[in-house]
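Work through the exercises below with the coordinates open. Try each task before reading its solution.

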Amino acid sequence: MRRAFIIGLCFLGMLVAIVVAPFIGSTPIDFGRVFSGDVALADNVDAQIFLIARLPRALAAALVGGTLAAAGVVFQGLLRNPLATPYTLGVSAGASLGAMIAITFGAGWQVGGVASASLVGAILAVLVVYALATAQHRGISTTVLLLAGVTLNAFFSALILFVQYISDFSQTFRALRWLMGDLDVASYGPILAALPLVVVAFLGFAWLARPLNLLTLGPEAAGARGVNVELAQRIAFFTASLATGAAVSVGGPIGFVGIIVPHLVRLLVGADHRVVLPASTFFGAAFLVACDAIARTVLAPIELPVGIITAMIGGPFFLWLLVRKS
Amino acid sequence: MAALVLHAVSLDIPDGAAVGILGPNGSGKTTLLRLIGGAARPWSGHVLLDGREITSLSRRALARRMAVVPQETVLTFDYSALEIVLMGRYPHLGAFEVERPQDRAAAYAALEATGTAALADRPFRTLSGGEKQRVVIASALAQLDLGQGLQAQGPKDTAASPGRQSVLLLDEPTASLDLKYQLEVDSLLRRLRDTLGITVVLSTHDLRLARSVCKRLVLLSRGRVIANGPTAEVLTPALIGQLFDIDAAAAAPML
């Protein structure tokens with residue numbers, strides 16, 4: 001009962017955040033006027049600001065925050081490591097490299113843009129890590145997965161620096177802004193583009209909730225209780241990686257959401273993934289919407305990239321977590 | 001190139017037997033247990049359950065017949081003892097199904113049967129070694145649907161025992177416990193054996209546990225069976241001395 005209540009509370013928090021956040025900003029808008037049916041949308045400036053300028057951004061924050069938090073939960077369960085993040089296995093580094101290449105060399109490209117290039121980079125990184133982790137092993141070796149991910153992260157970071165070095169000044173500026181993690185979304189397009197991957201990933205997450213509980217006992221113990229361990233690990237790896245790639249293509253590599261949200265939620269509801277997963281999703285969505293509202297207003301009229309705010313909150317929290325554990 | 005761990009091992013474990021696999025470190029005990037449990041596949045040869053190849057059974061069907069208790073259970077996240085026991089219900093539930101009342105009843109009965117009911121809501125991580133091992137055994141009983149059978153102090157007539165169709169595999173269940181907890185696990189296993197008629201197969205190098213729980217012993221040395229028979233006939237100074245590579249005279253006081 002208490003668990004259902006907490007999931008419901010997180011869901012409510014997400015809805016409230018999505019509706020309230022668009023009212024926060026440099027131009028004040030009136031709640032009554034936004035939802036007033038008397039004025040046609042074409043003449044209703046408040047409704048236009050709400051629906052066209054600000055709501056997409058809040059929805060993008062919710063989509064990215066919820067996805068990163070859920071992917072964090074799945075990676076922590078898969079790797080049996082509470083300090084894993086959605087970026088541990090190199091997905092974000094691959095996505096970033098793709099985005100850097102598009103920013104630097106992509107001016108004349110006919111199709112796609114930075115977002116699709118980052119998604120392609122993410123998928124390539126996922127395939128490389130998977131190939132490495134399954135090369136010597138029946139099923140996935142989570143140890144190799146971790147090592148391959150960490151190594152690939154370092155390698156891609158070096159390539160990113162290289163691409164940056166040969167870019168011109170304005171490209172470097174854009175690239176840096178992208179790497180900070182920014183939700184500068186001003187239409188529904190990017191959200192709709194990422195949505196199919198995210199929906200597929202969450203179907204996988206829903207199936208994974210119970211196997212992830214058992215994987216915590218170790219692959220042998222889970223297998224002895226009837227879990228198809230290789231299948232569960234594969235689904236966990238691919239769904240969480242693709243969801244992360246989709247989220248990063250929308251908002252860039254926004255940090256810390258994928259680790260602090262799952263840990264906060266576990267403090268509240270315990271370890272059962274069937275509660276942690278949905279609660280983290282909604283809480284992560286609400287959290288990133290709130291962080292983005294802060295980022296847009298704290299130094300107004302300057303809009304900070306949201307990644308700076310999540311890092312400011314997440315860094316100290318992460319350290320507190322480490323100290324608390326030991 | 002992987003080395004062969006076991007050579008020409010042939011074992012027949014009847015329903016309701018309590019069999020111990022005894023041997024020094026590296027003799028292949030754990031590998032043999034993993035083969036029996038279907039966690040590893042033999043290079044060549046067969047593992048049969050009721051005359052059927054074990055790999056032909058689905059994971060879930062096998063899990064309802066056979067449960068495994070590892071030497072040690074280390075968790076990444078803070079589950080309660082009850083949650084660990086409920087995980088044993090996995091093979092009884094569909095993909096998106098939540099535990100039904102009968103699953104919770106099975107879990108509570110298993111906690112009761114292992115004397116851990118008072119620990120149900122405690123974080124598993126905070127339990128003592130012996131308590132942890134008893135909770136993991138409770139999880140195995142919930143998995144095999146056997147909690148109730150033990151509570152009812154089931155029939156002594158072994159042919160009608162509730163656990164006759166079930167197999168409990170334990171890999172060095174006392175190896176990481178101190179003496180007090182070894183005795184806790186020991187007495188629990190004897191109770192399971194006697195009241196449930198469950199088939200117990202355990203690997204160990206603990207001679208006291210082997211004698212106390214097992215009716216038959218298999219001595220395993222460097223991947224080969226050097227003796228297989230009733231406990232009293234096998235636990236002799238000569239065989240134990242040979243098994244652990246010590247003088248028979250040195251082995252005698254330990255028996």
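**Exercise 1: a helix in chain A**

Take helix H4 (residues 91-105) of chain A in this predicted model. What end-to-end span should its 15 residues have at 1.5 Å a residue?

Solution. The expected span is 1.5 Å times one less than the number of residues. For the 15 residues of H4(A) this gives 21 Å. The end C-alpha atoms of H4(A) are 21 Å apart, so expectation and model agree. Now check burial. A residue is buried if 20 or more other C-beta atoms lie within 10 Å of its own. By that test 13 of the 15 residues of H4(A) are buried, and the helix is mostly covered.

**Exercise 2: a helix in chain B**

Repeat the check for helix H5 (residues 129-143) of chain B. Then find which residue just after H5(B) takes a positive phi.

Solution. Start with length. The 15 residues of H5(B) should span 21 Å at 1.5 Å a residue. The end C-alpha atoms of H5(B) are 21 Å apart, which agrees. Next, burial. H5(B) is largely enclosed by the rest of the structure, because 13 of its 15 residues are buried. Finally, the backbone. Asp145(B) has a positive phi of about 65°.

**Exercise 3: the fold of chain B**

Compare the radius of gyration of chain B with that of a compact globule.

Solution. Chain B has 255 residues. A compact globule with that count would have a radius of gyration near 18 Å. Chain B has 18 Å, so the two agree. Along its principal axes, the C-alpha trace spans about 55 × 40 × 40 Å. Chain B holds eleven helices and eight strands. Of its residues, 45% count as buried. Now take contacts with a separation of 6 or more: in chain B, 67% of them join residues 24 or more positions apart.

**Exercise 4: the core**

Which residues touch the most other members of the largest nonpolar core?

Solution. The core has 171 residues. Val74(A), Val289(A) and Val85(B) touch the most other members. Follow Val85(B), leaving aside neighbours within four places in sequence. Its contacts include Ala107(B), Leu111(B), Val135(B) and Ala142(B).

Definitions and conventions:
Residues are numbered from 1 along each chain as its sequence is written. Chains are lettered from A and ligands numbered from 1 in the order in which they are written. This is a predicted model: local features need pLDDT of at least 70, side-chain atom pairs count only at pLDDT 80 or more; totals for chains, interfaces and linings use all residues. A nonpolar core is a set of buried Ala, Val, Leu, Ile, Met, Phe, Trp, Tyr and Cys residues joined through C-beta atoms within 7 Å. A residue is buried if 20 or more other C-beta atoms lie within 10 Å of its own, exposed if 12 or fewer, and partly exposed in between; C-beta atoms are placed from the backbone. Two residues are in contact if their C-beta atoms, placed from the backbone, lie within 7 Å. Helices (H or I, at least four residues) and strands (E, at least two) are DSSP runs, numbered from the N terminus. The radius of gyration is taken over C-alpha atoms; the globule rule is 2.2 Å times the number of residues to the power 0.38.
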